[in-house]
Every structure is written in C-alpha cells, then in structure tokens.
Amino acid sequence: MSRSARLVPLTAALLALALPLTACDGGVHGAPGGSGLRDPYFPKAGNGGYDVTHYGLTLSFDPARHHLTGKAVITARATKDLSAFDLDLKGLRVEAVTVEGRDARWSRAGQELTVRPHDDLDEGETFDTTVRYSGTPETITDADSAKEGWLRTADGALALGEPTGSMTWFPGNHHPSDKASYAITVTVPKGLRAVSNGELTRESTTGGRTTFAWHAAEPMASYVATVAIGRYDITRTTTEDGLPVYVAVDPTQAKASRDVLAKIPEVMEWAEYNFGPYPFSSTGAVVDRPEDAGYALETQTRPVYPGAPDTETLVHELAHQWYGDSVTPKSWRDMWLNEAFATYAEWLWQEDHGGDSVQQTFTAFYDGTSGDLDDPDAIWAFPPAKPASAAHVSEPPVYQRGAMVLHKIRQKAGDETFYDILQGWAATHRHGTADTADFTAYVEKQVPDEDFDAIWADWLYGDGKPAHP
Ligand code: TRP
Ligand code: ZN
C-alpha cells in the first residue's frame with residue numbers, strides 16, 4: 001500500500017469530525033440554507049440556498065368556512081449543499097412535507113418553515129418539495145397599515161401579495177429576487193369562479209365543485225401571484241394581435257367598469273409602442289368591489305382593481321407588466337424602479353392624449369401646484385432610491401419623485417434616446433430582476449456623452465428638494 005493511499009481514509013475521517021454535525025445519513029457536506037435574504041426592508045423575506053423554478057399549487061377553497069386546503073409542489077435548484085432549507089409560510093397548518101418523495105422533518109418558527117430532507121441536497125441539484133397544508137389564511141396588516149395577504153371579499157376571497165402577503169396562502173421563497181413559473185389550480189363550489197395568473201388551461205365541474213387550472217409560464221415574482229374567488233362576469237376576447245384578454249368583473253361593478261375595461265386593447269397597443277413587446281402570454285383584469293381591497297395591484301397578466309379603475313390606474317397597472325412584473329426589483333429598496341415607471345406611464349398617457357405634457361406635470365410637482373397630492377411637500381420626504389423604512393415604500397417619493405427622476409433623464413438624453421432607454425431597459429432585463437445600480441449604469445451606457453452624476457446625487461439619492469427643477 002502506498003503512503004498516500006493509506007492516508008486518504010484518515011484525512012477524510014478528520015475532515016468529517018471538523019465539519020458541523022448537520023448531516024444525516026452519511027452525508028458530510030450540507031448546511032442550512034438560511035432564513036432570509038437580508039432584504040434591506042424585509043430581512044426575513046425569502047430564504048437562502050436555493051432558487052425556485054416552478055410552483056405547482058393545488059388549492060381548494062370553501063368560502064362558507066373560509067377554509068383553504070393546499071398542496072404546493074415546489075421545484076427548486078440548490079445553490080449550495082444543503083442539510084436543511086426554509087420556506088416562508090405565515091399561519092395555516094402544515095400536515096406533511098416530502099422532499100424528492102421521501103418524508104422530511106420540518107419545524108416552524110414565525111414565518112419560517114424549516115425543512116430537513118431525509119437526504120442532503122447537493123449544490124446544483126434540482127429537487128421537488130411537496131407541502132400539504134390547510135386552514136383559514138390570514139390577512140396581514142402592512143407596515144404602512146394597508147391590508148394584504150388573503151382578503152375576505154363579499155362573495156369569496158382575494159389574494160394580494162405586495163410586499164409579503166403571498167406567504168399567507170402558499171409556502172415558498174417569498175422575495176422578488178426569486179422568480180418562477182406557476183401552475184395554480186383552484187377548486188371552489190359550483191357557481192363561483194377562481195381567477196389567477198396566466199392562461200386558463202382547464203375548467204371542469206364534478207360533484208358540485210368546479211376546478212379552474214391556470215398556467216403562468218413566464219417567470220413571476222410571488223408578490224404578483226393572485227387568486228380571486230367569487231361571482232364574476234367573465235369576458236374572454238383577444239387583442240388585434242391575438243393576445244388573450246381575460247377579464248373578471250364583480251357583477252356589482254359591471255356597469256361602472258365597462259367603458260374603461262374596453263380600453264385594455266388600446267392601452268396595451270400604446271404601451272407596446274412605447275415600452276416594447278408585451279412580456280406575457282395573456283392580459284386582462286379582475287375588478288372586485290371597492291371595499292374588497294384598499295388599492296389596485298399589478299398582479300401578473302391580470303391586475304386587480306377595487307372597483308372600476310380610472311384610465312390612469314389602468315395605464316399604471318398595465319405599465320407595471322413591463323416595469324415590476326417582467327423587470328422585477330432585486331430588493332424592496334428598488335421599489336422606485338416599479339412605481340416611477342408606472343407613474344411616468346400615466347404622465348405619458350396624458351401627454352399623448354391631449355392632457356398636460358410631462359414637462360407640465362413635472363413642473364407642477366416641483367412647484368407644489370399639482371392637485372394630485374394632499375401634501376405637495378410629501379414627495380421630498382426621502383429620496384426615491386432610499387425609502388425611509390418599510391412603512392414608506394409605497395409613498396410619493398417612490399412614485400412621483402421617482403417619475404421626476406425619469407423626466408430628468410429625458411431632459412438630458414432627449415426624447416428619442418429616452419424612449420430607447422424605456423424599451424431597452426425592459427428588453428435587457430425582460431423576465432429578470434434588476435436594481436438601482438443596474439439602472440444608473442444602463443442609462444450612462446446609453447448616453448455616454450452626458451454626465452448624470454448630479455441627477456443621481458440630487459434626485460435619486462439626495463435628501464430634500466433639489467435646488468433646481
Ligand atoms: N404596487 C401598487 C400600485 O402602485 C400599490 C401597492 C399596493 C403597494 N400594495 C403595496 C406598493 C405595497 C408597495 C407596497 O399599483
Ligand atoms: Zn404601482
């Protein structure tokens with residue numbers, strides 16, 4: 001026996017002793033994945049050690065008891081060797097967890113569901129986790145006191161997930177940086193409908209219950225996943241380009257929303273002209289009653305509106321499909337990349353349809369003469385790229401002052417280059433994620449002869465009102 005051959009087993013034994021004792025069944029390499037992604041605003045959101053590629057959610061809902069039964073099959077890829085990993089799930093009762101078909105151990109602490117698979121997972125390995133769960137899902141009150149999560153409505157339920165509400169109805173990696181495809185199947189009592197993201201692939205009724213199967217093939221962040229259950233009038237049409245338009249309207253809102261919803265194809269065409277090709281395989285809307293939710297949300301392919309939206313809100317939520325849903329913020333600090341673009345889209349729509357020019361809108365906000373805000377100084381409270389805290393991520397500095405940043409870019413770059421930037425930004429990060437540094441670098445690359453430092457310093461990152469409009 002050679003010297004080196006004899007040494008190998010001894011070295012391996014010593015190494016194994018030196019490693020933390022996290023491994024089971026002979027594995028020696030795994031460690032826990034980690035309970036959060038250290039988001040600057042929502043540090044516990046999401047989890048480390050894996051990337052989800054697909055969620056298969058099979059749900060059944062009983063509105064009379066407000067009871068949800070769910071099975072989540074989560075396909076993920078390990079980004080390091082794992083002895084355990086976390087999912088985010090708030091409330092509900094977990095009944096069983098398997099990983100790759102074998103029973104797994106699991107424990108819960110707050111929103112963390114820690115799963116310890118029977119066998120360690122290797123870096124790069126793709127694995128399926130199945131979680132069976134049930135209960136009455138929670139409604140969350142956000143840091144800014146808005147309601148999200150699983151909302152009770154007059155005739156069913158509505159799931160809204162920005163920023164952290166989706167963990168109330170399915171376990172997952174609930175952070176915008178981890179996008180995945182989804183298949184969401186919902187069974188409800190006959191007579192009710194279940195509407196979700198993407199395309200309806202199956203609808204079948206047996207034994208007094210109807211199952212709706214939805215498929216969202218393009219990557220989706222969990223905060224824009226939705227389920228709407230209730231009585232809805234359904235309209236299925238297509239745009240001139242053949243894009244399916246699936247619209248669900250609470251019957252009490254049908255009359256008030258008819259005209260504005262008829263504009264969806266026109267808004268889509270306008271948006272494609274300005275922002276580039278639409279990134280998804282269908283579009284539409286869900287209109288619930290005004291008291292069912294406190295705000296509209298850009299749920300992917302199918303924005304949700306509490307009552308008939310005005311045209312600006314329709315434009316805003318459809319613009320989010322490019323900016324927010326397709327190009328998704330890497331962290332909640334980058335929220336302005338969503339809201340500035342969607343707000344700018346409203347301003348552009350007005351400019352293109354006989355209203356104020358964007359320059360006029362910009363000046364009115366700078367001068368404090370815009371009627372859009374109760375407190376005109378609210379936009380100067382903090383810089384768009386540095387919201388004051390989690391309670392402030394949906395406030396005017398992120399929306400209107402963020403849109404003013406985009407207008408400063410337009411002033412410097414000129415209209416033609418500015419539109420190239422709008423389209424190029426959407427194209428470059430299509431179906432992906434991006435942060436503020438990616439954006440400023442992108443703008444500087446597109447306009448190499450101009451200096452944007454003062455705009456970033458004063459308008460994007462600077463405290464207080466910039467000295468010059
Ligand atoms: N994104 C929504 C919109 O502007 C508004 C919104 C709802 C929101 N809930 C939020 C923004 C939570 C930030 C955080 O269309
Ligand atoms: Zn918005």
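Tutor: Across the interface of domain 1 and domain 2, the count of salt bridges is 0, a salt bridge being a side-chain nitrogen of Lys or Arg within 4 Å of a carboxyl oxygen of Asp or Glu. The model is predicted, so local features need pLDDT of at least 70 and side-chain atom pairs count only at pLDDT 80 or more, while totals for chains, interfaces and linings use all residues. Residues are numbered from 1 along each chain as its sequence is written, and side-chain values use heavy atoms, with hydrogens and water left out.

Domain 1 covers 1–231 and domain 2 covers 328–460; these bounds come from an automatic or database domain assignment. Taken over C-alpha atoms, the centres of domain 1 and domain 2 are 33 Å apart. In contact are 16 residues of domain 1 and 19 residues of domain 2, where contact means heavy atoms within 4.5 Å.

Between domain 1 and domain 2 about 1500 Å² is buried, and carbon and sulfur atoms give 64% of this area. Buried area is the accessible area (1.4 Å probe) that two parts lose on being put together, summed over both. Y41, P176 and K179 supply 37% of what domain 1 buries against domain 2, more than any other three residues.

The rule also finds 6 residue pairs in polar contact across this interface, both residues at pLDDT 80 or more. A polar contact is a pair of N or O atoms within 3.5 Å; within protein, one must be able to donate a hydrogen and the other to accept it, and residues adjacent in sequence count only if both atoms are side-chain atoms.

Notes
Chains are lettered from A and ligands numbered from 1 in the order in which they are written.
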